[in-house]
Amino acid sequence: MVLSKKLIFLLFVSVVYMLVVPASAIRSFLEKPRNAKIDGSLRYVESPEYRNSQECPVTGSHYLICDPNLIHVAMTLDSQYFRGSIAAVHSVLKHTSCPENVYFHFVASINSDFQELTEMVKSIFPSLSFKVYFFDELRVKKSISSSIRQALDNPLNYARTYLAEIIEPCVERVIYLDSDVVLVDDIQKLWSISLTGSRIIGAPEYCHANFRKYFSDNFWSDTKLSKVFQGKRPCYFNTGVMVMDLGKWRKGDYTLKIERWMEIHKEKRIYELGSLPPFMLVFGGEIEGIDHRWNQHGLGGDNLVNSCRTLHPGPVSLLHWSGKGKPWVRLDQGNPCPVDLLWEPYDLYRLSSSDSFDLQQQ
């Protein structure tokens, strides 16, 4: 039997993945929800029941946002990436030992249908603890300059800058996740990571990357601007997965610091990558480094080309389809990358023959 190059590549990825990921995670990838009920109007299936551990902390009510036992997860929510957000939530609940202790903070555009988004989430996850917040896009629209990819110009991408203002003051710590991720490990492990000293953000750092390329010549040639990194050793980090200390953020008014860099950029054009560079300007060299297993990013290709990528060497706790290509689009087109098959088991959307999508827009 002659195997195609694509099949050989898929088998290779699968073998490598089984070598670096716990067996329990592999089984979870292969299990489809068996007790799911089809919702004809939404075309999403109701999530399966998630197992709770007897060792979970007892909460007075896991619907109370200020409960100290809760793990807080923040994500954005919109129609374009809704399918990805739902898959991400499903993966978090599926792999955590205490799903009842996870509280989701969804941030949606003020122009979106709040009631519809809330009802859709409730219908898919009937027992989920969550709240949907409005984000006023006018707050940032005037400060956004065009970037190398149109999707990066979406004002909702900047909502992560305002989480300390949007979320209740009693919430002093949150995990921010992009909508194109899935977890294959217990989110409690990520939550338990310490932010030492004055560190405000924890994220995997990639010091082998060329940090200079994330800023323009206008920036590096202006000593008044580039001195922000003086005495530091900044490394690239991806803002799609962050542990954030909102208490320290509020005290230091870091939202204002990021906004100031956005204003400078509007005037002098000092970077190209949307909402990421302002974070690097404010926090570069002062990040709490987290194990790379918590952000296997770049699985969507780069920002310009929808190309297939393989997993990075080493263990995996979180898969991230950053880049132009998204797994649900490539799956619907019938031309998925091998790594997209690792996302598919978390997809709670069921495509019917009557559905018609503008795949380019998705």
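Two strands count as paired if DSSP finds at least two bridges between them, and the strands themselves (E, at least two residues), like the helices (H or I, at least four), are DSSP runs numbered from the N terminus. By that rule β1 and β4 are joined by two bridges and run parallel. This is a predicted model, in which local features need pLDDT of at least 70, side-chain atom pairs count only at pLDDT 80 or more, and totals for chains, interfaces and linings use all residues. Residues are numbered from 1 along each chain as its sequence is written, and side-chain values use heavy atoms, with hydrogens and water left out.

**The sheet**
- Seven strands form an open sheet with mixed pairing, in the order β3-β2-β1-β4-β9-β6-β10.
- The edges are held by β3 (129-135) and β10 (288-289), each of which has a single partner strand, so one side of each is left without a neighbour in the sheet.
- Strand β6 (residues 201-203) runs parallel to β10 and is joined to it by two bridges, with glycine 202 opposite glutamate 288 in β10.

**Strand β4**
- With strand β9 (residues 241-245), β4 pairs in the antiparallel sense over five bridges, and here arginine 173 stands opposite aspartate 245.
- Five of the five residues of β4 are buried, where buried means under 20% relative accessible area, found with a 1.4 Å probe and protein chains only.
- In a regular strand the side chains alternate between the two faces of the sheet.
- In β4, Arg173, Ile175 and Leu177 point one way, while Val174 and Tyr176 point the other way.

**Helices on the sheet**
- Helix α3 (residues 82-95) lies across β1 (71-76), β2 (102-109) and β4 (173-177), and runs at about 170 degrees to β2; such angles run from 0 to 180 degrees between N-to-C directions, and the axes are lines fitted to C-alpha atoms, for helices over the stretch in contact.
- Helix α4 (residues 114-124) also packs on the sheet, where it touches β2 and β3 and makes about 160 degrees with the direction of β3, contact meaning heavy atoms within 4.5 Å.

**The pair α11 and α12**
- Helix α11 (residues 254-268) packs against helix α12 (residues 276-283) at an angle of about 120 degrees, with the axes 9 Å apart.
- The two helices are therefore oblique to each other, a class for angles that are not under 35 degrees (roughly parallel), over 145 (roughly antiparallel) or 65 to 115 (roughly perpendicular).
- Tyr254, Lys257, Ile258, Trp261 and Met262 in α11 meet Pro278, Phe279, Leu281, Val282 and Phe283 in α12.

Definitions and conventions
Buried < 20%, exposed > 50% of the residue type's maximum accessible area, 1.4 Å probe, protein only.
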